[in-house]
Amino acid sequence: FDMFVLAFLERLFRPSFRKDDFVLGKKLGEGAFGVVYKASLSNPKASPKLGDLVLKKATEYGAVEIWMNERVRRACANSCADFVYGFLERKSKGKGAEEYCLIWRFEGEDTLYDLMQSKEFPYNVETKILGDIQDLPKGLGRENRIIQTVMRQLLFALDGLHSTGIVHRDIKPQNLIFSEAARTFKIIDLGAATDLRVGINYIPKEFLLDPRYTAPEQYIMSTQTPSAPSVPVATALSPVLWQLNLPDRFDIYSLGLIFLQMAFPALRTDSSLIQFNRQLKRVNYDLQAWRRMVEPRAAPDLRKGFEILDLDGGIGWELLSSMIRYKARRRVSAKAALAHPYFNREGLGLSVMQN
Ligand code: ADP
Ligand code: MG
């Protein structure tokens with residue numbers, strides 16, 4: 001069979017749905033281009049295996065988000081939340097714009113953001129991954145291993161996307177959901193890609209990206225690139241353009257900031273992250289210089305981050321420093337990061353099996 005025949009057959013035999021097939025539950029989120037609800041089938045017997053669902057009502061950019069999700073499901077299904085179906089809902093005449101519906105499996109209640117808000121972090125994640133409480137003493141070494149496991153899961157998911165040719169562009173704790181079934185974090189919200197698609201020319205840039213997590217470069221593709229698509233998007237770029245621009249390193253910077261927040265309790269709030277970004281910019285994105293600036297008068301919550309990253313000869317600090325760099329081409333790729341010595345030591349049992 002040819003790939004296209006398989007894709008066609010898959011589509012043909014997958015159940016198809018319309019809006020009336022779903023009952024909406026509580027609202028989970030509301031962005032600029034859509035609203036997200038918890039949902040379930042009106043007639044659960046129709047597809048008993050589906051269980052709880054998530055339904056996103058999206059405006060015009062929903063088409064691209066559907067396309068991205070279909071592509072992810074075929075190319076790197078484990079990286080993102082399980083996509084069930086996407087369709088265009090034609091509104092009755094005269095009642096405003098067309099609306100897209102996207103359906104996923106409900107992966108769980110907690111995003112990495114929710115988990116990081118808790119004082120228990122990272123132990124609350126360890127409990128989720130291992131399913132029971134460990135009786136090892138709490139301490140820096142154990143916290144480091146949990147963070148290491150989460151980082152491995154996140155890099156693994158991101159590597160899947162990047163290997164498929166997709167750059168997410170909106171990697172942040174709110175867009176990383178913990179899948180209770182897979183006991184691993186998965187990436188959600190391929191909607192930013194959509195925003196970018198329509199481009200830079202039409203939407204003010206504050207709209208496009210979350211400023212707290214964006215890399216210093218504004219666009220993932222150099223505007224000088226010959227024959228660059230008018231749209232610097234998160235889709236399958238030609239390998240040549242990919243090599244030339246390394247657009248995936250945009251996501252690596254964002255993930256570096258998440259690594260930073262996991263290690264430093266003092267940097268987990270929005271305001272402290274914004275302050276960190278300001279400080280880093282002031283020292284020209286030189287992480288070592290930032291450290292020299294803040295470490296001498298660091299409060300315990302900040303010092304703890306350095307202590308965690310300095311374990312094992314500072315191997316964690318080394319990885320972090322290779323992710324948060326001004327120049328995209330000096331940042332490590334997701335695949336290279338996974339091979340970094342930081343991950344050589346055994347993490348939590350499950351993560352070893354996964355890779
Ligand atoms: P947006 O950020 O555009 O509102 P998202 O796709 O990020 O849309 O979804 C909003 C929120 O809904 C997420 O932050 C998460 O809390 C929840 N959510 C989204 N997809 C899932 C899923 N598959 N399983 C569980 N929760 C989800
Ligand atoms: Mg989101």
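The crossing of helices α10 and α11 is right-handed, a label given when the near helix is turned clockwise from the far one by less than a right angle, with left-handed being the anticlockwise case. In this predicted model, helices (H or I, at least four residues) and strands (E, at least two) are DSSP runs numbered from the N terminus. Helix α10 covers residues 270–282 and helix α11 residues 287–294, and their axes come within 9 Å and cross at roughly 110 degrees. Axes here are lines fitted to C-alpha atoms, for helices over the stretch in contact, with angles from 0 to 180 degrees between N-to-C directions. The two helices are therefore roughly perpendicular to each other, a term for angles of 65 to 115 degrees; under 35 counts as roughly parallel, over 145 as roughly antiparallel and the rest as oblique. Where they meet, Phe 276, Gln 279 and Leu 280 of α10 touch Leu 287, Trp 290, Met 293 and Val 294 of α11, contact being heavy atoms within 4.5 Å.

Turning to the strands, β1 (residues 22–31) and β2 (residues 34–41) run antiparallel and are joined by seven bridges; strands pair if DSSP finds at least two bridges between them. A hairpin of two residues links β1 to β2. Along this pairing, Lys 27 has Tyr 37 as its bridge partner in β2, and Glu 30 stands opposite Val 35. Strand β2 also pairs with β3 (residues 53–58), again in the antiparallel sense, over six bridges, with Gly 34 opposite Ala 58. Seven of the eight residues of β2 are buried, so this strand is largely enclosed by the rest of the structure. Buried means under 20% relative accessible area, exposed over 50% and partly exposed in between (1.4 Å probe, protein chains only).

Finally, there is a metal site to look at. The magnesium ion (ligand 2) is coordinated by Asn 175 (OD1) and Asp 189 (OD), at 2.2 Å. Asn 175 sits in the loop between α5 (140–164) and β6 (176–179) and Asp 189 in the loop between β7 (184–187) and α6 (191–198), so the pair ties together parts that are 14 residues apart in sequence. Asn 175 counts as buried, at 6% relative accessibility, whereas Asp 189, at 24%, counts as partly exposed. Donors are N, O and S atoms within 2.8 Å of the metal (3.2 Å for Na, K and Ca), and sites may look incomplete because water is not among the atoms.

Residues are numbered from 1 along each chain as its sequence is written, while chains are lettered from A and ligands numbered from 1 in the order in which they are written. As this is a predicted model, local features need pLDDT of at least 70 and side-chain atom pairs count only at pLDDT 80 or more, whereas totals for chains, interfaces and linings use all residues, and side-chain values use heavy atoms, leaving out hydrogens and water.
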